[in-house]
Structures are given as C-alpha cells and as structure tokens.
Amino acid sequence: MVGLQPSEVPPTTVVKFLGAGTAACFADLLTFPLDTAKVRLQIQGENPGTQRVQYRGVLGTILTMVRTEGPCSPYSGLVAGLHRQMSFASIRIGLYDSVKQFYTPKGADHSSIAIRILAGCTTGAMAVTCAQPTDVVKVRFQAMIRLGTGGERKYKGTMDAYRTIAREEGIRGLWKGTWPNITRNAIVNCAEMVTYDIIKEKLLDSHLFTDNFPCHFVSAFGAGFCATVVASPVDVVKTRYMNAPPGRYLSPLHCMLKMVAQEGPTAFYKGFVPSFLRLGAWNVMMFVTYEQLKRALMKVQVLRESPF
C-alpha cells in the first residue's frame with residue numbers, strides 16, 4: 001500500500017485542520033471500544049463497595065459489557081467522541097505545523113526539539129480549552145454502567161447530557177477536569193506529535209523509507225507507545241476526576257492522593273494495555289489517514305485551480 005504521492009504544493013492550514021478532524025473521527029470509529037474498556041478499567045476500584053461488575057483485561061472488559069449491557073455498550077459516548085475529535089484533533093494536530101512554524105526563528109533550517117515541544121503544548125492546551133465539554137460527556141457515557149437492556153440511563157442522549165450537566169452542575173461542570181486534561185493533553189500531544197515528527201524526519205533523512213505508508217506506520221506506532229507511557233498516570237486521574245459526582249474530590253491533586261492511598265501507585269497504570277492498544281491503533285489509523293487526506297484534498301484544490 002503506497003497511497004497518494006506527496007503534492008508539490010504544501011498543504012494549507014485549512015486542509016490540515018479539516019484533514020486532522022476527519023482522520024481522527026475515522027480512527028475513533030474503529031478504536032472506540034478500546035477507549036471505553038480503558039475508561040472502565042481506570043475507574044474500577046473507585047467504589048469497591050458498590051461496583052457489581054468486575055472487569056479483567058481488555059477483551060474481558062468488552063465481552064462483559066456486551067453480556068451485561070448489550071452489544072452497543074462499547075460504543076456508548078461515540079457521538080460525543082466524534083464531537084470531541086472534530087474540534088479537538090482539528091486544533092491540536094491540524095494547527096501543529098502552523099504553530100511550530102510560528103515559533104521557529106526565521107532562517108532556521110529545522111525546528112528544534114524545544115520548539116516542537118512548545119508547539120505541541122500550545123495546540124494541546126488550545127484544543128482542550130475548546131473541546132473540554134465534549135470530553136466530559138464522552139467519559140460520563142463510557143463510565144455509565146447500565147445493567148440489562150432495560151436498565152436506567154441518566155442521560156437520554158448526547159445533547160441531553162450537555163443540558164443535564166449544565167443544569168445540575170452549572171456551566172463549570174462541562175469544563176470539569178480542565179486542568180488535569182490540559183496537563184494530560186499537553187503531554188500526549190508532545191509525545192504524539194513531536195515523536196511522530198522526529199521519527200518521520202529521521203526515517204526520511206536516513207533514506208530508510210520514502211514519504212509513504214510504511215514511514216507513516218512506523219512513525220505513528222512509535223508516537224502511540226511514547227504517548228501511552230508518559231500520559232497514563234495523568235489520564236487515570238483525569239478520567240476519575242471528570243467522572244466523579246460533585247464533592248467526591250476537592251481537586252485533581254486530592255483525587256490523585258486518595259487514589260494512591262487506597263489502591264497504591266500501580267493504580268496510575270490501570271488500563272495501560274487498552275490505552276496502548278487504543279493509542280497505538282488510533283495513531284496508526286489517524287496519521288496514515290491524515291497524510292492521505294492532506295494529499296487528496298491538495299490534489300482536488302490544485303485541479304480546481306488549474307486552467308482547463
């Protein structure tokens with residue numbers, strides 16, 4: 001699989017913005033059950049006295065959900081997830097190159113690692129600020145356990161979830177966990193974008209690969225692994241804090257300390273395997289699709305602008 005060849009004209013910011021959001025939605029459609037399994041494993045043990053269903057491993061979690069909650073349960077929160085990716089990924093991935101170029105001094109041949117990290121932190125923080133309500137709703141749906149096909153549901157649908165959270169917890173409830181999420185996504189974005197950027201650049205410079213599918217696959221896989229390792233502790237705290245009812249935790253720091261006291265430091269890596277499976281698979285699908293979409297959109301744009 002080679003795919004479309006790189007365009008002679010560099011992709012515009014609009015092309016990158018739309019391409020990143022679309023590619024992220026496609027990747028989410030294919031990997032969402034892994035993300036839901038990750039959330040269930042991360043919150044397991046939070047309420048040991050009330051939790052009736054126990055999850056073991058990625059596949060076991062998904063099978064248990066299907067058996068106890070129905071076949072659609074692994075995709076609970078998908079609509080909010082797609083809302084999130086269209087706004088979140090468009091900013092953090094689609095604007096990364098533009099922000100990196102903005103920070104790079106004029107006349108420099110390459111952007112330094114520090115500049116790339118700064119660009120990753122900037123677009124990650126911008127994306128969370130805009131897309132946090134969609135992430136809150138997505139996590140609430142994924143964490144909501146509904147036993148049996150006729151089980152009770154707190155939210156009737158995605159839009160009802162936005163309205164219910166705003167009514168019961170105030171507008172601030174939709175931005176609950178913003179700071180741990182900014183921390184988490186600054187780390188994830190740096191690990192993903194900077195690692196992908198550097199690996200791809202080194203592979204091309206060493207002539208091991210040309211700018212095609214194998215190069216994108218290897219770069220994306222490495223980015224997914226690095227992102228999972230460095231972001232998992234923050235991700236667990238973010239998930240628990242965002243899913244908690246009002247009053248359970250005073251702050252993200254309180255959530256972290258309580259988690260360590262009750263479950264030990266290994267709790268920070270709960271759901272690591274589904275996190276890696278999800279982030280690794282998600283990165284490969286997203287980056288490969290993103291690179292092809294950029295080329296396809298630029299090809300369409302060049303054809304539209306060329307004289308007949």
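Visitor: Which helices each supply at least two residues of the lining of the second largest pocket?
Guide: This is a predicted model. About 530 Å³ of space lies in that pocket. Its lining has 24 residues, and the closest to the centre are Asp97, Asp197, Lys200, Glu291 and Lys294. The helices that each give at least two lining residues are α4 (96-103), α8 (178-205) and α11 (272-305).

Visitor: Does lysine 294 count as buried or exposed?
Guide: Lysine 294 lies in helix α11. Buried means under 20% relative accessible area. Lysine 294 has 11% relative accessibility, so this residue counts as buried.

Visitor: Which residues is lysine 294 in contact with, leaving aside its neighbours within four places in sequence?
Guide: Start with proline 11, which is 283 residues from lysine 294 along the chain. The C-alpha atoms of the two are separated by 6.4 Å. With sequence neighbours within four places set aside, the contacts of lysine 294 are Pro11, Val15 and Lys16.

Visitor: How many cavities of 30 Å³ or more does a search of the whole structure find, and what volume has the largest cavity?
Guide: The search of the whole structure returns two cavities at that cut-off. The second largest cavity has a volume of about 70 Å³. For the largest cavity, the volume is about 150 Å³.

Visitor: Which element gives the most to the lining of the largest cavity?
Guide: The largest cavity is lined by 19 residues, with Asp35, Lys38, Arg184, Asp235 and Arg278 closest to its centre. Elements giving two or more lining residues are α1, α5, α8, α9 (213-243) and α11. By class, this lining has six nonpolar, four polar and nine charged residues. With seven residues, the top contributor is α9.

Visitor: Which helices each supply at least two residues of the lining of the second largest cavity?
Guide: Arg84, Phe88, Arg184, Glu192, Arg278 and Trp282 are among the residues that line the second largest cavity. By class, the lining has four nonpolar, two polar and five charged residues. The helices that each supply at least two are α3 (78-92), α8 and α11.

Visitor: Are α1 and α5 roughly parallel or roughly perpendicular to each other?
Guide: The axes of α1 (residues 13-43) and α5 (residues 113-143) come within 9 Å. These axes cross at roughly 75°. Angles of 65 to 115 degrees count as roughly perpendicular. The two helices are therefore roughly perpendicular.

Visitor: Which residues of α5 make the contact with α1?
Guide: By class, this contact has five nonpolar, two polar and three charged residues. From α1 come Phe32, Asp35, Thr36, Val39, Arg40 and Ile43. From α5 come Lys138, Val139, Gln142 and Ala143.

Visitor: What percentage of the residues of the protein count as buried?
Guide: The protein has 11 helices and zero strands. Among contacts between residues at least 6 apart in sequence, 77% join residues at least 24 apart. Of the 308 residues, the share that counts as buried is 52%.

Conventions: Residues numbered from 1 in each chain as written. Predicted model: local features only at pLDDT ≥ 70, side-chain atom pairs only at ≥ 80, totals over all residues. Heavy atoms only, no water. 1 Å grid on protein atoms, 1.4 Å probe; cavity = no way out; pocket = protein on both sides within 12 Å on 5 of 7 lines; lining within 4 Å. Points joined across faces, edges and corners; volume = space filled by probe spheres on them. Helix = DSSP H or I, 4+ residues; strand = E, 2+ residues; numbered from the N terminus. Axes fitted to C-alpha atoms, helices over the stretch in contact; angles between N-to-C directions. Parallel < 35°, antiparallel > 145°, perpendicular 65-115°, else oblique. Contact = heavy atoms within 4.5 Å. Nonpolar A, V, L, I, M, F, W, Y, C, P; charged D, E, K, R; others polar. Buried < 20%, exposed > 50% of the residue type's maximum accessible area, 1.4 Å probe, protein only.
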